[in-house]
Amino acid sequence: MNNDNIKSEKWKIPLYKIYTDDEDLQLISKVISRGTQWALGPEVEEFEKEISSYVNSDYCVTFNSGTSALHSTYLSYGLGNSDEILIPSFSFITTANSVLFVNAKPIFCDIEESTLGLDYNLLEEKITPKTKAIVPMDYGGLPCNILKIKEIAEKNNLLLIEDAAEALGSSVNGHKIGSISDSSIFSFCGNKVLTTGEGGAVTTNSKSIFEKLKQIRSHGRTDSKNYFENPNESTYLDVGYNWRMSSITAALGISQLKKLDKLVSLRQKNAKSIINKISKFDLKIITPPLGYDHIYQMFSIRLKNQQIRDKLHSFLIEKRIFSKVYFPPIHLNSFYMEKFNTKKGQLPITEFVSEQILTVPIYPNMTNEEINYLSDSISEFFDFYEEI
Ligand SMILES: Cc1ncc(COP(=O)(O)O)c(C=O)c1O
């Protein structure tokens, strides 16, 4: 479907809006006005400690994106050389691309309808002697069935690396996402619940992975002192990258993290209002299973079929409400089809859900007028859609 003629400034309701306040400005300004340590400043470690304490992990390493966080994690565990990594196809492209960055092989697995995360019942049939890791993803802030997936990983002696890019703040049975898997990665890019514009992080309980991640993030160096304040030579142990987060970004992260619980409850309140208004229509609401805390990084609905979904998508865009399909299956992306000979029909639930799903706007300071305009537009669609 092509809605290219629509200009973004025309949106009456964007897909997301960032929540910011004076504290964000103050903390960033403090770093800027001190005129030094814009890189490797104390804010970076402070932000990492705050994230660890928030999710209840022993360690955290920040990155300049969720993608570099995931890439680094694969490198830290030494994954590569045709190792097979089980991933969902119902995800953002990075989940699969990062597997290719290290020359490993993505093995696409199907999802379950309840959480839209990997179906733990279908994982064991994909495990071969080459399988090294399972990488589940938490869709739009709703945790996948991570406790069951963890059982499968442990039983088969596989690494569990969680792509929790969309899920900082969510939890299962009181366990925060970021504390359950061997390592979990987060993204802080513009559309996330905690955003710093761009940014990412890995949480883990492994000291050796923590050390490796820091080394890879910073040119392969093992600095015990701040590089920019140390007149002596550094030791470079391996190839490395510059994937560090800046001090200004980390300051913003500290400030956003203080607000995270408030941002989540505002999103949950707005999701509840939208659900109350639209659940009477012929669509499916994605409802978190008991014990799952959904942070609504995205608010997605499912329509009866692709035709209705596409019509609603166009209708909302005409109404200047930003909506989008998250996600088209990765295994049906032309590049992956050519490279891995993946085919339609291979992952029935993923394909079926991708045909039905539509993500509509949600953000913390959504007004009642915006919520009403969204729900009234959906109502109008169902009153008239057969003629559209
Ligand atoms: C599921 C998933 N994984 C990974 C990423 C990559 O994060 P980033 O955009 O910060 O590189 C994203 C974010 O966009 C994501 O949604």
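**Covered helices, a paired strand and an open pocket**

Among the elements covering the buried residues of helix α4 are α3 (66-76), β2 (84-88), β3 (105-109), β5 (159-163) and α9 (334-340). Here, buried means under 20% relative accessible area, exposed over 50%, and partly exposed in between, with a 1.4 Å probe and protein chains only. Helices (H or I, at least four residues) and strands (E, at least two) are DSSP runs, numbered from the N terminus. The model is a predicted one, in which local features need pLDDT of at least 70 and side-chain atom pairs count only at pLDDT 80 or more, while totals for chains, interfaces and linings use all residues. Residues are numbered from 1 along each chain as its sequence is written, and side-chain values use heavy atoms, with hydrogens and water left out.

Helix α4 spans residues 94-101, and six of its eight residues are buried. These are Thr94, Thr95, Ala96, Ser98, Val99 and Leu100. Just after the helix, Asn103 takes a positive phi of about 60°.

Strand β12 (residues 299-303) runs antiparallel to β13 and is joined to β13 by four bridges; strands pair if DSSP finds at least two bridges between them. Within this pairing, Ser300 has Thr359 as its bridge partner.

Further along, helix α11 (residues 368-384) holds Ser375. This serine is buried, with a relative accessible area of 4%. Leaving aside residues up to four places away in sequence, Ser375 touches Lys277, Ile278 and Phe281, where contact means heavy atoms within 4.5 Å.

The largest pocket holds about 660 Å³ of space. Its lining comprises 25 residues, and Leu40, Glu45, Lys214, Arg217 and Asp223 lie nearest the centre. A pocket is an open set of points on a 1 Å grid over the protein atoms alone, where a 1.4 Å probe fits, with protein on both sides within 12 Å along at least five of seven lines; lining residues have an atom within 4 Å of a point. The volume is the space filled by probe spheres set on the points, which are joined across faces, edges and corners. Helix α2 gives the most to this lining, with six residues.

What about disulfides, pairs of cysteine sulfur atoms within 2.5 Å? The whole structure has zero.

Terms used
A disulfide is a pair of cysteine sulfur atoms within 2.5 Å.
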